[in-house]
Amino acid sequence: MQKVRDHDHLTGIYRGAAHSICNLNYQNPRFISIVFHNLSGYDAHLFIKEFGNDSKKINLIPNNEEKYISFSKMMPRVITKKGKGKDIEDKYIVIFTELRFIDSLKFLHSSLDKLTNNLRNDSKLNLKNKFKELIK
């Protein structure tokens, strides 16, 4: 495999060495999944109220008028494309990324406490670093 200089195709910033096939197949993610446990029963209305403050559309999968199975919102990101040379200005590119909010309770119908009790202690390494006093 041939090694090439991998760079971001939007900004031109060098990322490092990569195989040519990997460089050609790389894609920026079009969406980011955000998972909440019991989102539809608790926090969804807070996000939807906030997301409704602009003219951009919110995509909803409703369960009823007040509870949602999932919702998503297109959010703009400004990316700076550095100009090359002292006389060339930087360019600003706006791309949109979809934020997809999903409720894990719809897939794992149990409390987080019961779900984590099913894990072996060696599977809780990340939690141990954040919540040392809670994990025995």
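User: Is Arg-100 buried, partly exposed or exposed?
Analyst: Arg-100 counts as partly exposed, because its relative accessibility is 32%. Buried means under 20% relative accessible area, exposed over 50%, and partly exposed in between (1.4 Å probe, protein chains only). This is a predicted model, in which local features need pLDDT of at least 70 and side-chain atom pairs count only at pLDDT 80 or more, while totals for chains, interfaces and linings use all residues. Residues are numbered from 1 along each chain as its sequence is written, and side-chain values use heavy atoms, with hydrogens and water left out.

User: Which side chain meets Arg-100 in a salt bridge?
Analyst: That of Glu-98, at 3.3 Å from N to O. A salt bridge is a side-chain nitrogen of Lys or Arg within 4 Å of a carboxyl oxygen of Asp or Glu. Glu-98 is buried, because its relative accessible area is 16%.

User: How many salt bridges does the structure hold?
Analyst: It holds 2. One of them joins the side chains of Asp-6 and Arg-15, at 3.0 Å from N to O. Asp-6 counts as buried at 11% relative accessibility, whereas Arg-15 is partly exposed at 35%.

User: Turning to the sheet, what is the order of its strands?
Analyst: The order is β3-β6-β5-β4, in an open sheet of 4 strands with mixed pairing. The edge strands, each pairing on one side only, are β3 (31–36) and β4 (58–62). Strands (E, at least two residues) and helices (H or I, at least four) are DSSP runs numbered from the N terminus, and two strands pair if DSSP finds at least two bridges between them.

User: In which sense do β4 and β5 pair?
Analyst: In the antiparallel sense, over 5 bridges, with β5 spanning residues 68–81. Lys-73 in β5 is the bridge partner of Ile-58.

User: Which strands does helix α2 touch?
Analyst: Helix α2 (residues 44–51) packs on the sheet and touches β3, β4, β5 and β6 (91–103). Contact means heavy atoms within 4.5 Å.

User: Which residues form the nonpolar patch on the surface?
Analyst: Met-74, Val-78, Tyr-92, Val-94 and Phe-96 form it, with about 510 Å² of accessible area together. Patch residues have over 30% relative accessible area and no salt bridge; nonpolar side chains (Val, Leu, Ile, Met, Phe, Trp, Tyr) are joined within 5 Å, and like charges within 9 Å. Accessible areas come from the Shrake-Rupley method with a 1.4 Å probe, and for residues only the protein chains shown count as cover.

User: Which element gives the most to this patch?
Analyst: Strand β6 does, with 3 residues. Tyr-92 lies in β6 and counts as exposed, because its relative accessibility is 58%.

Terms used: Axes fitted to C-alpha atoms, helices over the stretch in contact; angles between N-to-C directions.
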